[in-house]
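Here is a short briefing on one protein chain. Look through the structure first, then read the points below.

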Amino acid sequence: MSIGSDNDRPLHLRLEVVAFHDRPPEKQNVCIFSEQGGSIGRSDENDYVLPDTESVISRTHVLIDYANADYFLIDQSTNGTFVNDSPNRLEPGEKYRVNDGDRILIGNYLVVASLIAADSPLDST
């Protein structure tokens, strides 16, 4: 996806579940993060809740941080967060800069990251 050359346009982070247990999800599951950041996990207290009856996902699994025009994942989990098919998990507390198209494995959920213009039609999903 081309973001364009206007680096002054604010970007939001769009995360979408594309697979659950290696199968397409039954319904669309998307969350948009702005510069305020947020959290992902199985607890209802998160901004992006990923239901998990098996408790593979931590209550608060990942924090989303925004700094210097970049979004970051910060792993908070017991079982790990994996990016782009790496066999190595993010280290707990490690900041990983999110890139457009990153594939993030959180428990049994495969989530794809998109960096979108704040005024994009995708921003209202």
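The model is predicted.

**Overall make-up**
- Along the sequence the pattern is β-β-β-β-β-β-β-β-β-β.
- The protein chain has 125 residues, and 42% of them are buried.
- Of the contacts between residues at least 6 apart in sequence, 40% join residues at least 24 apart.

**Largest pocket**
- The largest pocket holds about 300 Å³ of space.
- Its lining includes Val17, Phe20, His21, Pro51 and Tyr109.
- The lining consists of six nonpolar, three polar and three charged residues.

**Salt bridges**
- Side chains of opposite charge can pair when their charged atoms come close.
- The whole structure contains three salt bridges.
- Glu16 pairs with Arg14, with the closest N and O atoms 2.9 Å apart. Arg14 is buried at 7% relative accessible area, whereas Glu16 is partly exposed at 22%.
- Lys95 pairs with Asp65 at 2.8 Å between the closest N and O atoms. This pair links strand 8 to strand 5, across 30 residues. Lys95 is partly exposed at 44%, and Asp65 is partly exposed at 25%.
- Asp75 pairs with Arg89, the closest N and O atoms lying 2.6 Å apart. Asp75 is in strand 6 and Arg89 in the loop between strand 7 and strand 8. Asp75 counts as buried because its relative accessible area is 1%, under the 20% cut-off.

Notes. Residues numbered from 1 in each chain as written. Predicted model: local features only at pLDDT ≥ 70, side-chain atom pairs only at ≥ 80, totals over all residues. Heavy atoms only, no water. Helix = DSSP H or I, 4+ residues; strand = E, 2+ residues; numbered from the N terminus. Buried < 20%, exposed > 50% of the residue type's maximum accessible area, 1.4 Å probe, protein only. Contact = heavy atoms within 4.5 Å. 1 Å grid on protein atoms, 1.4 Å probe; cavity = no way out; pocket = protein on both sides within 12 Å on 5 of 7 lines; lining within 4 Å. Points joined across faces, edges and corners; volume = space filled by probe spheres on them. Nonpolar A, V, L, I, M, F, W, Y, C, P; charged D, E, K, R; others polar. Salt bridge = Lys/Arg side-chain N within 4 Å of Asp/Glu carboxyl O.
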